[in-house]
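Please read it alongside the coordinates.

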Amino acid sequence: REEGDHHGARIAAPVQVLLNGPETVSQSHILIRDRQTRRVVTVIEVLSPINKAPPTTHARQDFLTKRHDTMASAANWVEIDLLRAGERPPEARGVSTYYVLVKRAAEPKAEIWPISPRAPLPRIGVPVRADVDDVGVALQPLLDQVYDEGRYGDLIDYTHPPAPALPGDEAQWVAEQVEHWLATHAGGEASL
């Protein structure tokens, strides 16, 4: 065949290259749906570092849009923040080291459970529908299970103080807890 004839010509093998495009980051959350209508009645968001990134990042803007849209909708919003670093929403600034925020559908106010590092995580009420009592959720056993199954004790080096630093008395208490944990669980080894 002639060179210009493309019928039956072999396709040349391409060279694959890696593109430096924007990275897609998947953020998990929990949706509670009404059994009959399948409508989302509650969104539960456990904040990650990307949710608390500087306000100029796309991931932060996406999170804030989702948060705003859910709070303005007929769905409930449950926000669990167990991270000290990053941007907090105005209503949660200065409340406590950690917090859980619940914004009920059609309510102008939110409820906040302040959480101290010294206390177990609370049992909270998760709203589903206005005509149904809140579902009680004990957060501490859930976190313990995720921590154990995710093997975070093997992944996190607790010998370095967390950032940002805790206030003095909380920092001292956490340091004592880490020292005790290292002595009993890791044989006193510096790196977990």
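1. Confidence. pLDDT is the predictor's confidence in each residue, on a scale from 0 to 100. The protein has an average pLDDT of 85, and 89% of the residues score at least 70. Among its elements, S3 has the highest mean pLDDT (96) and helix H3 (residues 152–155) the lowest (80); helices (H or I, at least four residues) and strands (E, at least two) are DSSP runs, numbered from the N terminus. Over residues 188–192 the pLDDT falls below 50, although this stretch has 14 contacts in the model beyond near neighbours in sequence (contact: heavy atoms within 4.5 Å). Where pLDDT is low, the predicted coordinates should not be read in detail.

2. Basis. This is a predicted model, in which local features need pLDDT of at least 70 and side-chain atom pairs count only at pLDDT 80 or more, while totals for chains, interfaces and linings use all residues. Residues are numbered from 1 along each chain as its sequence is written, and side-chain values use heavy atoms, with hydrogens and water left out.

3. Lys-52 sits in the loop between strand S2 (40–46) and helix H1 (58–71), and Asp-81 in strand S3 (residues 76–81), so the pair ties together parts 29 residues apart in sequence. Lys-52 is buried at 3% relative accessibility, and Asp-81 is buried at 0% (buried: under 20% relative accessible area; exposed: over 50%; partly exposed: in between; 1.4 Å probe, protein chains only).

4. A loop-to-loop pair. Arg-104 and Asp-134 form a salt bridge, their closest N and O atoms 2.5 Å apart. Arg-104 belongs to the loop between strand S4 (98–103) and strand S5 (110–115), and Asp-134 to the loop between strand S6 (123–126) and strand S7 (135–138), so parts 30 residues apart in sequence are tied together. Asp-134 is partly exposed, at 34% relative accessibility.

5. A salt-bridge network. Arg-129 and Asp-131 meet through their side chains in a salt bridge of 2.9 Å, N to O. Salt bridges with shared partners join Asp-34, Arg-129 and Asp-131 into one network. Asp-131 is exposed, with a relative accessible area of 59%, whereas Arg-129 is partly exposed at 36%.

Methods
A salt bridge is a side-chain nitrogen of Lys or Arg within 4 Å of a carboxyl oxygen of Asp or Glu.
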